[in-house]
Amino acid sequence: MIQQFADWLIYSLCGLDPATGIGTALNFFVYDSLKIIFLLFLISIIMGIVNAYFPIERLRNYLQSHRLFGLQYLFASLFGAITPFCSCSSIPLFIGFVKGGLPLGVTFAFLITSPLVNEVAVAMFLGAFGVKATAVYVISGIVLGTLGGMVLGCFHLDHLLSAWVRQIQAMSSHQAGEWEAEKVSFGHRLPSIIAEAWRIVRGVLVYVLIGIGIGAAMHGFVPEGFFESYLARDNWYAVPAAVVLAVPMYANAAGIVPVVQVFVAKGVPLGTAIAFMMAVVGLSLPEATLLKKVMTWRLIAIFFGTVAAFIILSGYIFNLII
Amino acid sequence: MKQIKVLVSSCKCNQKFASLVEQVVKDNGIDAQVERVSDMMEIMQHDVMSLPALVVDGKVVAKGAKNEAELLAILK
């Protein structure tokens, strides 16, 4: 339906020829923008509803008060996926976990998955690559957080936290706080959930449009198979190169997916593209500087190094199986 | 007179929220003093894990951004 509207608007109303570069580019732009904005709005609402019933405090109390025999990493990672992530909240979140006496590994599991699998990334992925690739992305993001948290937990890195965080850790209590459910009916809650979803859409709208704009231009003018020669499947260094290139980039998922989509359409293997995406949203320099408040540089380097290694590994695996 | 603390980080969305709180208090003649708190140690004393958050007379009353109508309902 959206495609028909885009066809009608560009080819019939504006009278552009589908065979020209500008025609294809504009059509792609209109179609992709509408589709992605719609998906983003929808997924933000769904995540908002989930979050209204499972706020982060509830997760922390659950993890504190239950023996989970290793499953706590998976749980932390799963919850990281469904909580909306704003990098502004990463520090209070981190401290909140430490204060609750949760092991550092579990905290890391959450911290890895939370930016990696968020509503914006999922909506953009769904719009650009379809259900199957999105499922692969989400599941591998959760697995990556779980494994990353476990591995980092094994390293016993607590002494590399900032001094004041270690003080908090020493005073931490394992006693779970009382979690008070807000007794607000669903009907009363929905308007604010929708308003919040709209706020998310509005917040990234500019990036989405810029990203799709660049993507559309490339879509219309870059020939098929253009990137194949550089980033082809049998190039062993393509995946690590994509990851290393991605870390300093701080485009949020919104801006980068439409561009990556075109890369894939023009011959870059999907595994390489997913690895690139994960590195862009999951690891960024601004995030590192934020984390500096609670960690030493050494810990940040170990954290980033471990996650990057896992992303590279999953990139290779995707290229093998997809 | 109420003591309102807005717990914020330095990011843009948080600062916008703090300005909105100040605006709502001013526009509706609410008898309150609004203060922005961005010191992490102080924020953690209130045991919040998501920012921005709103503290009235030492009690956390809201977590996450709210719009004008919601703020008014909370602060009135």
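**Figure 1. Confidence along chain A of this predicted model, from helix α10 to helix α15.** Among the elements of chain A, helix α10 (residues 228-231) has the lowest mean pLDDT, 62, while helix α15 (residues 297-321) has the highest, 91. Here pLDDT is the predictor's confidence in each residue, on a scale from 0 to 100. Helices (H or I, at least four residues) and strands (E, at least two) are DSSP runs, numbered from the N terminus. Over chain A, the mean pLDDT is 81, and 90% of the residues reach 70 or more. Where pLDDT is low, the predicted coordinates should not be read in detail. Some housekeeping: residues are numbered from 1 along each chain as its sequence is written, and chains are lettered from A and ligands numbered from 1 in the order in which they are written. This is a predicted model, where local features need pLDDT of at least 70, side-chain atom pairs count only at pLDDT 80 or more, and totals for chains, interfaces and linings use all residues, with side-chain values using heavy atoms and leaving out hydrogens and water.

**Figure 2. Where chain B meets chain A.** Here 17 residues of chain B are in contact (heavy atoms within 4.5 Å) with 18 residues of chain A. The area buried between the two chains is about 1500 Å², and carbon and sulfur atoms give 63% of that. Buried area is the accessible area (1.4 Å probe) that two parts lose on being put together, summed over both. In chain B, M40(B), M44(B) and M49(B) lose the most area to chain A; together they make up 47% of what that side buries.

**Figure 3. The side of chain B that touches chain A.** Helices α1 (12-27) and α2 (40-45) of chain B each supply at least two residues of this side. Helix α2(B) gives the largest share, three residues. Sorted by type, the side has nine nonpolar, four polar and four charged residues. In this sorting, Ala, Val, Leu, Ile, Met, Phe, Trp, Tyr, Cys and Pro count as nonpolar, Asp, Glu, Lys and Arg as charged, and the others, Gly among them, as polar. Look for salt bridges between chain B and chain A and the rule finds zero. A salt bridge is a side-chain nitrogen of Lys or Arg within 4 Å of a carboxyl oxygen of Asp or Glu.

**Figure 4. Two salt bridges inside chain B.** The structure holds four salt bridges over all chains. One of them joins the side chains of K5(B) and E42(B), at 3.2 Å, N to O. K5(B) sits in strand β1 (residues 2-7) and E42(B) in helix α2 of chain B, so this pair ties together parts that are 37 residues apart in sequence. Both K5(B) and E42(B) are partly exposed, each with a relative accessible area of 24%. By the cut-offs (1.4 Å probe, protein chains only), buried means under 20% relative accessible area, exposed over 50%, and partly exposed in between. The side chains of E22(B) and R36(B) also meet in a salt bridge, again 3.2 Å, N to O. E22(B) lies in helix α1 and R36(B) in strand β2 (residues 32-37) of chain B, so the pair ties together parts that are 14 residues apart in sequence. E22(B) is partly exposed at 32%, and R36(B) is partly exposed at 34%.

Figure 5. E196(A) is partly exposed at 31%, and so is R199(A), at 28%.

**Figure 6. S140(A) in helix α7 of chain A.** S140(A) belongs to helix α7 (residues 119-154) and is buried, with a relative accessible area of 12%. A polar atom of its side chain lies 2.6 Å from the backbone oxygen of V136(A) and 3.1 Å from the backbone oxygen of Y137(A). Leaving aside neighbours within four places in sequence, S140(A) is in contact with M278(A) and F318(A).

**Figure 7. A288(A) in helix α14 of chain A.** A288(A) is part of helix α14 (residues 285-291) and is buried, at 5% relative accessible area. Not counting residues up to four places away in sequence, A288(A) touches W297(A), I300(A) and F304(A). The C-alpha atoms of A288(A) and A301(A) are separated by 8.8 Å, with the two residues 13 apart along the chain.

Conventions. Polar contact = N/O pair within 3.5 Å; in protein donor to acceptor, adjacent residues only side chain to side chain.
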